[in-house]
Amino acid sequence: MNMKYYIGVDLGGTNIVAGVVDEKYNILSKASTKTKTPRPGEEICKDIVAVVMQATVASGISISDIQSIGIGTPGIANSDDGIIEYSCNLGFYNFDMVKTMREMTDVPVFIENDANAAAYGEYLAGSAKNARDAVCITLGTGVGGGIIIDGKIYSGFNFAGAELGHTVIDPNGPECTCGRKGCFEVFSSATGLIRMTKEAVELSPDCLMAKMSREEGKVSGKLSFQAMREGCPVAKEVCERYIRYLALGITNMINIFQPNVLCIGGGVCNEGDALLNPVKEIVKRDIYTRNSEKNTEIVIASLGNDAGIIGAAFLGLNKRK
């Protein structure tokens, strides 16, 4: 039997990355270019086609061997009509991505929100593999969410579902970019961790964490965990606060969806057990089903940036489901 090949495109506000993926979810080659926003969608599509062709050539196969192209994009992606209805990161409003791409290539094209595509990648080949239902949370600049129900991407009737980061966990908290106060994203994103670290440094300028920040010349997302490991009590307090909020949000998601697996990704997850173990302890104590024999498994995402490419590559499969 001949191997089948697919293209997955991770269309970001900074970079466009395309990968050739085989039917066993192996990425054979990649190519990338800068997104250079804002500019017309047609120009961005031309660059998508260019990196697709570069990746295809690098893999040693022909574009005629590609079954389909899937594109994970920020914003509201109408996967039925092929239209990016709104994307503030790209400056798109009702842009017909699929039609434009089809005019440039004869390959079937599918689109989906990038966080949903990444969740689908983890479901197909990563930490959520073999789960029927999965929730994936990405802790980055914001808190991205993706939901897989019965093996299919859940995006809501209007394709704007799974905005898990914009659920409120403290109505008296800081204002979120969405306009609400105290969103999950405000506390549990890497941005939120940096904000809490900066606030602690300003209040305790003589603590070890403050001294480390001055030496580094900045406050990074990993600073508080580094300082905690070196014995800084102020850093320990920041980390414990961050973990409490993260666990609170995760508990909410488990109570709502009860997935087989809840997968968390993003740079903060490089902390490994220092992050995961205390989160698990709090969730185990607080979830509604704490007395049940079966409970959601909380895991760290395993595919990194490849999740979006793999998930996007198989968006045609998701549509057929």
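**Salt bridges and a helix contact**

The side chains of Glu-43 and Arg-39 form a salt bridge with an N to O distance of 3.9 Å; a salt bridge is a side-chain nitrogen of Lys or Arg within 4 Å of a carboxyl oxygen of Asp or Glu. Ten salt bridges are found in a search of the whole structure. This is a predicted model, in which local features need pLDDT of at least 70 and side-chain atom pairs count only at pLDDT 80 or more, while totals for chains, interfaces and linings use all residues. Residues are numbered from 1 along each chain as its sequence is written, and side-chain values use heavy atoms, with hydrogens and water left out.

**Around Arg-39**
- Arg-39 also meets Asp-47 in a salt bridge between side chains (2.6 Å, N to O).
- Arg-39 is buried at 18% relative accessible area (buried means under 20%, exposed over 50%, partly exposed in between, with a 1.4 Å probe and protein chains only).
- Asp-47 counts as buried at 19% relative accessibility, whereas Glu-43 is partly exposed at 37%.

- The side chains of Lys-236 and Glu-240 meet in a salt bridge (2.6 Å, N to O).
- Lys-236 counts as partly exposed at 42% relative accessibility, and Glu-240 counts as partly exposed at 35%.

**Helices α5 and α6**
- Thr-197, Ala-200 and Val-201 in α5 meet Met-209, Ala-210 and Ser-213 in α6, where contact means heavy atoms within 4.5 Å.
- Helices are DSSP runs (H or I, at least four residues), numbered from the N terminus.

Notes: Helices (H or I, at least four residues) and strands (E, at least two) are DSSP runs, numbered from the N terminus.
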